[in-house]
Amino acid sequence: MIKGIGIDIIELERIRNSLAKSNQLVSRILTTTEQIMYEKLSSASRRTEFLAGRFTAKEAFAKATGQGIGKLSFKDIEIKTNELGAPRITARGYEPYSIFISITHSKDYAVAQVIIEE
């Protein structure tokens with residue numbers, strides 16, 4: 001049974017602008033494991049896509065829970081990749097649930113959708 005569905009979109013330019021000012025968004029959004037993945041990326045454009053994708057994924061997850069970010073922390077939600085590169089999401093307190101995620105990027109946007117199933 002589906003417990004919740006969430007979707008989020010962000011302009012990559014917003015992330016680029018934030019990164020140009022400081023790296024604070026990286027430490028605010030990404031877990032330690034995600035930060036290691038981020039640092040291994042070879043180009044600024046790929047880092048922007050990665051950070052935007054993680055941001056939208058975490059926002060989409062929070063929406064799917066019905067709580068939103070604020071009651072949940074970005075650091076409570078982690079997105080890793082499987083052996084094929086597909087995203088896998090885990091979240092503190094949601095271990096019993098099946099969580100499905102899709103992240104996509106275009107030239108200008110990153111979008112993520114999350115489905116939580118009991």
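Me: UniProt positions follow the numbering used here, feature names are shortened, and annotations may be inferred rather than shown by experiment. Which residues does the annotation "domain: 4'-phosphopantetheinyl transferase" cover?

Reply: According to the unreviewed UniProt entry, that domain covers residues 4-113. The model is a predicted one, in which local features need pLDDT of at least 70 and side-chain atom pairs count only at pLDDT 80 or more, while totals for chains, interfaces and linings use all residues. Residues are numbered from 1 along each chain as its sequence is written, and side-chain values use heavy atoms, with hydrogens and water left out.

Me: What is the chain made of over residues 4-113?

Reply: Over that stretch the chain is 43% helix and 28% strand. Helices (H or I, at least four residues) and strands (E, at least two) are DSSP runs numbered from the N terminus. The end C-alpha atoms of residues 4-113 are 11 Å apart.

Me: How do you know that D8 and E59 gather at one spot?

Reply: UniProt, in an unreviewed entry, places the feature "binding site" at D8 and E59. The two span 52 residues in sequence, yet no two of their C-alpha atoms are more than 6.3 Å apart, so they gather at one spot.

Me: Why is D8 called buried?

Reply: D8 lies in strand β1. Its relative accessible area is 11%, and buried means under 20%, exposed over 50% and partly exposed in between (1.4 Å probe, protein chains only). D8 therefore counts as buried.

Me: What does D8 touch, not counting residues up to four places away in sequence?

Reply: D8 touches F55, T56, E59, A60, K63, A110, V111 and A112. Contact here means heavy atoms within 4.5 Å.

Me: A110 is on that list. What makes A110 buried?

Reply: A110 lies in strand β5 (residues 109-117). Its relative accessibility is 0%, so A110 counts as buried. Leaving aside neighbours within four places in sequence, A110 is in contact with D8, I9, I10, L12, A52, G53, T56, T104 and H105. One of these, G53, is 57 residues from A110 along the chain, with their C-alpha atoms separated by 5.5 Å.

Me: Why does K107 count as exposed?

Reply: K107 sits in the loop between β4 (98-105) and β5. Its relative accessibility is 71%, so K107 counts as exposed. K107 touches L12 and R16, not counting residues up to four places away in sequence. From Y97, K107 is ten residues away in sequence and 33 Å away in space, C-alpha to C-alpha.

Me: What makes α3 roughly antiparallel to α4?

Reply: Helix α3 (residues 32-40) and helix α4 (residues 44-65) pack at an angle of about 155 degrees, with their axes 9 Å apart. Axes are lines fitted to C-alpha atoms, for helices over the stretch in contact, and angles run from 0 to 180 degrees between N-to-C directions. Angles under 35 degrees count as roughly parallel, over 145 as roughly antiparallel, 65 to 115 as roughly perpendicular and the rest as oblique. The angle therefore makes α3 roughly antiparallel to α4.

Me: Which residues of α3 and α4 make the contact?

Reply: E34, M37, Y38 and E39 of α3 meet R47, F50, L51, R54 and K58 of α4. They divide into four nonpolar, no polar and five charged residues. In this scheme Ala, Val, Leu, Ile, Met, Phe, Trp, Tyr, Cys and Pro are nonpolar, Asp, Glu, Lys and Arg are charged, and the others, Gly among them, are polar.

Me: Why is α1 called roughly perpendicular to α4?

Reply: Helix α1 (residues 12-21) and α4 pack at an angle of about 110 degrees, with their axes 9 Å apart. The angle makes α1 roughly perpendicular to α4. L12, I15, R16 and L19 of α1 make the contact with T48, E49, L51 and A52 of α4. Five of the contact residues are nonpolar, one is polar and two are charged.

Me: How do you know that T48 is buried?

Reply: T48, found in helix α4, has a relative accessibility of 5% and therefore counts as buried. Not counting residues up to four places away in sequence, T48 touches L12, I15, R16 and L19.
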